[in-house]
Amino acid sequence: MGELGFLGATIKGYGCAGVSSVASGLITRAVERVDSGYRSGMSVQSSLAMGGIDEFGSEEQKEKLLPGMAKGKIVGCFGLTEPNHGSDPGSMESVAKPHPTKKGYYSLSGSKTWITNSPIAEVMLVWAKLQETGKIRGFLVERSKCPPGTLETPKLGNKNGLRASITGMIHMDEVPVAHEMMFPEVEGLRGPFSCLNSARYGIAWGTIGALEDCIARAREYSLERKQFKGNPIAKYQLVQKKLSDAVTDAAFGIQAAYQVGRLKDEGKAAPEMISMIKRQNCDRALVNARVLQEIFGGNAVSDEYHIGRHVANLFVTQTYEGQSDIHSLILGRAITGVQAFV
């Protein structure tokens, strides 16, 4: 991916491609058509880790990390979700306090979970509350700078979905982080939410790519599979209805993502627009993939036909980086002016 210029593709400079948001969306759509796990690893590296450094990092941080990350030589991850705090990151327990023995350093302690790339990441963008102010700040944790026993990143195994990507935890026990490796200005949830919005935008494109692969596979299978007097099952109304619904939702989903991408490139995209397309495209991709699965009958459970893999993956995409119900509350707040999640 690094050789192709896919990583951090929208970033200007630092060895990145510097393409538009629409072009980046098209890349994401193509990658997720193969597998959502591949897109997940790419989007964590690009939108969350590299995007956060590009938007909020110091010039020294950018020059140090972004060129290697763009080539795929430095793997990054994004640590926000905690074992006890998923949809409520403001209640995070991870804390940064002055290091007791190292001047000019913070000491980070806490745990993060469901972190894509964490077992193999060389740099981790970790969000923690600064003890002195109670404000959430971003810290760049370099694995090579962590003394033995202070950092562990165990792999989370036995996943039903996103099996093509590696997922783990981040356990920190007084990890030393130099002051210059903290993002200099951004405070509160504005930092992580800005990174998440970029990733959510990519997910809105990617899930349609996965759905398009489901459509292509279901169409091919229905034309080849013959039942009842030697007819291809594509001839039957129920099968055509399933395909028509899926193609319609894919077409509308791509148009919505494309329009938001154009607005994003013009600096006119509101966060609620991204919540809308992330929620809608993830929901419709999952619903349609599950329905298309029925065309395969019992064969759907076989890896040979891939439809089951997509269904399992799309359940995860509907859940992470803002579960669909949470995005409905974001939209509800914009519509009514009243916040439901407090």
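The model is predicted, so local features need pLDDT of at least 70 and side-chain atom pairs count only at pLDDT 80 or more, while totals for chains, interfaces and linings use all residues. Residues are numbered from 1 along each chain as its sequence is written, and side-chain values use heavy atoms, with hydrogens and water left out.

Let us start with empty space. Rolling a probe the size of a water molecule over the atoms shows where such space is left. Here a pocket is an open set of points on a 1 Å grid over the protein atoms alone, where a 1.4 Å probe fits and protein lies on both sides within 12 Å along at least five of seven lines; its lining residues have an atom within 4 Å of a point. Grid points are joined across faces, edges and corners, and the volume is the space filled by probe spheres set on the points.

The largest pocket holds about 1,200 Å³ of space. Its lining has 40 residues, and those closest to the centre are Thr81, Thr319, Tyr320, Glu321 and Gly322. To say where the lining comes from, we need names for the pieces of the chain: helices (H or I, at least four residues) and strands (E, at least two) are DSSP runs, numbered from the N terminus. Helix H2 (36-56), strand E3 (105-116), helix H4 (190-224), helix H6 (271-293), helix H7 (307-319) and helix H8 (324-336) each give at least two residues to this lining. Sorted by class, the lining has 19 nonpolar, 14 polar and seven charged residues. In this sorting Ala, Val, Leu, Ile, Met, Phe, Trp, Tyr, Cys and Pro are nonpolar, Asp, Glu, Lys and Arg are charged, and the others, Gly among them, are polar.

The second largest pocket has a volume of about 480 Å³. Among its 25 lining residues, Thr10, Ser47, Gly51, Ser198 and Lys264 lie nearest the centre. Helix H1 (21-34), H2 and H4 each supply at least two residues, and H2 gives the most, with eight. This lining divides into seven nonpolar, 14 polar and four charged residues.

Now look at helix H7. The expected span of a helix is 1.5 Å times one less than its number of residues. Which residues of H7 are buried? They are Ile307, His310, Val311, Asn313, Leu314, Thr317 and Gln318, where buried means under 20% relative accessible area, exposed over 50% and partly exposed in between (1.4 Å probe, protein chains only). The elements that cover them include H1, H2, H4, H6 and H8. Just after H7 comes Glu321, with a positive phi of about 55°.

Helix H3 (residues 59-70) can be read in a similar way. Its 12 residues should span 16 Å, and its end C-alpha atoms are 16 Å apart, which agrees. Gln61, Lys62, Leu65, Leu66, Gly68, Met69 and Ala70 are its buried residues. Their cover includes H2, strand E1 (76-79), strand E4 (123-130) and strand E5 (136-142). After H3 comes Gly72, with a positive phi near 80°.

Next come the rings. Rings of Phe, Tyr and Trp (its six-membered ring) pair if their centres lie within 6.5 Å; planes under 30 degrees apart count as stacked, over 60 as edge-to-face and the rest as tilted. By this rule there are nine aromatic pairs. One of them joins Tyr201 and Trp205, edge-to-face at 6.5 Å centre to centre with 75° between the planes. Both residues lie in H4, four residues apart, about one turn of the helix. An α-helix has 3.6 residues a turn, so residues three or four places apart point the same way. Tyr201 is buried at 3% relative accessible area, and Trp205 is buried at 1%. Elsewhere, Phe56, Phe78, Trp127 and Phe183 form one aromatic cluster.

Our last stop is the end of E3. Thr116 lies in this strand and is buried, at 10% relative accessibility. Leaving aside neighbours within four places in sequence, Thr116 is in contact (heavy atoms within 4.5 Å) with Ser40, Gly41, Val44, Cys77, Ile166 and Thr167. Asn117 sits in the loop between E3 and E4. Its phi is near 80°, a positive value in a residue other than glycine, and Asn117 is buried at 7%.
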